[in-house]
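Here are some notes to read alongside the model, for someone opening it for the first time. Keep the viewer open and take the points in order.

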Amino acid sequence: RTPVAIDCDPGVDDAVALLLAFASPEVEVRGVTTVAGNVSLADVERNAARVLDLADVPEDVPLVSGLDGPIARRRHLRDEPVHGEGGLGGIDLPGSARRRHPAHAVDWLAAQALAAPGELTLIAVGPLSNVAMLLRRHPEAGAALREIVVMGGAAFVQGNITPAAEFNFYCDPEAARCVLESGLPVRIVGLDVTRAALFPLTAAEELSALPGAAGVAGRLLGVYTRRVIAASGAAGSPVHDALAVAAVTHPDLIGWESGSATVECHGEYTRGALVADLRTPDRERTTRIGRTVDAERFVRLLTERLSGYADD
Ligand code: BDR
Ligand code: CA
C-alpha cells in the first residue's frame, strides 16, 4: 500500500477524490490537509470533516488545517458557484464533530514526510499554497517525499478559469511555480486528461439510487455533472481530483510524458498558465505530465469503488 497524504479544498470532485482514496486498497491515507480554494478555509474544513464522516474514516486519521489563502496574493473568489452553495453542490451532509489536528498542515506534512523518508506520496488537489509553504519552510521534508501528484494546469488545452489557466494554478500561481520548479518528482494531472475522462450523468444517477454514502456520492456527482453539462454541453463531468487519486492507485490509467514545467505568474492574460517543456534534457526531466487517459477504465473504477460504499 502506498502511504499518501491528501491536500484538498472540497469541492465536489475533492469529496469524490477522498471517497475514492478511502475505498482504495492500493493506498493508505495517512491524513487529510485542507487549503482554501473552491471555498473559504472554514467551509473547506467543514466539508472535509463531513466527507470523512460519510466515508466512516476513523478519528485517528488526522484532518489538519492549512493556509486560508495564497502565499503571495489575495484569495481569488469564484463568481460562479461551480461547486454549488457551500462547496458541496448544496447537498446538506450531517454536521461533524470531528476534531482538527492541533498542528498546522505545513508542519504536519513535514513531520509525516520526515518520519518515512522516500515513502510518502503527497496528492495535492487544491491550490498549491500548503505544498509550496512546506517546500519553503521544510525543504528537507520536501526532499523526503516520494512524489507529489498534482491536480492542476492545462498544458496543451484551454484553461477553465481563463483561456490560459486552470483554477488551482490560477488561485496561487506563485505556489504552483515553487512546486513545479522544485526539482522534486512531480506528476501533473491537468485538464489535458481530466477533460478527456468525463463521468456520465447516467452513472451518477445509477449511483444516487444506492443506499448510504454511495447514494450521497451519486447525488453530489449528479448536481455537479448537470451543472457542467448545462454550462458547456459536455457529455459528462471531469471529476478532476478523483483522477489524481486514480493516478496513484492505477498509474497506467494515464499516459505520461516527461519534461519540466513552470507557471506564469505575471502575464496580463496568462497568469496561472502551466508552461510545460518537453524539450528538457534527460537529467532535468523531473516532471511527468498526463497526456492521455483510459476514460472508460477510469469511469468503471470510480463507479465500482463508490458503489462499494452501499455495502457498508
Ligand atoms: C480544480 O479546480 C477545482 O474547482 C476542482 O476541485 C479541481 O481541483 C479543477 O480545475
Ligand atoms: Ca480541488
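Which residues of H4 are buried? Keep that in mind for point 2; the notes start with what kind of model this is.

1. A word on the source before anything else. This is a predicted model, so read each point below as a description of that prediction.

2. Now to H4, and to the question above. The buried residues are Ser 129, Asn 130, Val 131, Ala 132, Met 133, Leu 134 and Leu 135. That is 7 of the 9 residues in H4, so the helix is mostly covered. The cut-off behind the word "buried" is 20 or more other C-beta atoms within 10 Å of the residue's own.

3. H4 has a packing partner worth a look. Helix H3, residues 105-115, packs with helix H4, residues 129-137, at an angle of about 60°, and their axes are 9 Å apart. The two helices are therefore oblique to each other. As for handedness, H3 passes H4 in a right-handed crossing. On the H3 side the contact is made by Ala 105, Val 106, Leu 109 and Ala 110, and on the H4 side by Asn 130, Met 133, Leu 134 and Arg 137. Sorted by class, the contact of H3 with H4 has 6 nonpolar, 1 polar and 1 charged residues. Asn 130, Met 133 and Leu 134 also turn up among the buried residues of H4.

4. Compare that with H1 and H10. Helix H10 covers residues 212-232, and H1 packs with H10 at an angle of about 150°, with the axes 10 Å apart. That angle makes H1 roughly antiparallel to H10. Here the crossing is left-handed. H1 brings Val 12, Ala 15, Val 16 and Leu 19 to the contact, while H10 brings Ala 213, Ala 217, Leu 220, Leu 221 and Tyr 224. The class count for this contact is 9 nonpolar, no polar and no charged.

5. Next, ligand 1. Which residues come nearest to ligand 1? Of the 13 residues around ligand 1, they are Gly 11, Asp 13, Glu 166, Phe 167 and His 240. The elements giving two or more residues to this shell are helix H1 (12-22), helix H6 (167-171) and helix H11 (240-249). By class, the shell divides into 4 nonpolar, 5 polar and 4 charged residues.

6. Stay with Gly 11 for a moment. Gly 11 sits in the loop between strand S1 (2-8) and H1.

7. The buried ones are His 240, Asp 241, Ala 242, Leu 243, Ala 244, Val 245, Ala 246, Ala 247 and Val 248.

8. Helix H7, residues 173-180, has 7 of its 8 residues buried, so H7 is largely enclosed by the rest of the structure. Pro 173, Ala 175, Ala 176, Arg 177, Cys 178, Val 179 and Leu 180 are the buried residues. What covers them includes H4, strand S5 (147-151), H6, strand S6 (186-189), strand S9 (254-263) and strand S11 (287-293).

9. Val 27 is found in strand S2, residues 27-34. Is Val 27 buried or exposed? Val 27 is buried, because 20 other C-beta atoms lie within 10 Å. Not counting residues up to four places away in sequence, Val 27 touches Arg 1, Thr 2, Val 4, Ala 21, Val 248 and Thr 249. Take Thr 2: Val 27 and Thr 2 are 25 residues apart in sequence, yet 4.5 Å apart in space, C-alpha to C-alpha.

10. Two last residues. Asp 56 lies in the loop between helix H2 (41-54) and strand S3 (63-65), and Asp 56 is exposed, with 11 other C-beta atoms within 10 Å. Phi of Asp 56 is near 60°, a positive value in a residue other than glycine. Arg 297, in helix H12 (residues 295-307), counts as partly exposed, with 14 C-beta neighbours inside 10 Å. The C-alpha atoms of Arg 297 and Ala 197 are separated by 9.1 Å, although the two are 100 residues apart along the chain.

How values were computed: Residues are numbered from 1 along each chain as its sequence is written. Chains are lettered from A and ligands numbered from 1 in the order in which they are written. This is a predicted model: local features need pLDDT of at least 70, side-chain atom pairs count only at pLDDT 80 or more; totals for chains, interfaces and linings use all residues. Axes are lines fitted to C-alpha atoms, for helices over the stretch in contact, and angles run from 0 to 180 degrees between N-to-C directions. Helices (H or I, at least four residues) and strands (E, at least two) are DSSP runs, numbered from the N terminus. Angles under 35 degrees count as roughly parallel, over 145 as roughly antiparallel, 65 to 115 as roughly perpendicular and the rest as oblique. A crossing is left-handed if the near helix is turned anticlockwise from the far one by less than a right angle, and right-handed if clockwise. Two residues are in contact if their C-beta atoms, placed from the backbone, lie within 7 Å. Ala, Val, Leu, Ile, Met, Phe, Trp, Tyr, Cys and Pro count as nonpolar, Asp, Glu, Lys and Arg as charged, and the others, Gly among them, as polar. A residue is near a molecule or strand if its C-beta atom, placed from the backbone, lies within 6 Å of it. A residue is buried if 20 or more other C-beta atoms lie within 10 Å of its own, exposed if 12 or fewer, and partly exposed in between; C-beta atoms are placed from the backbone.
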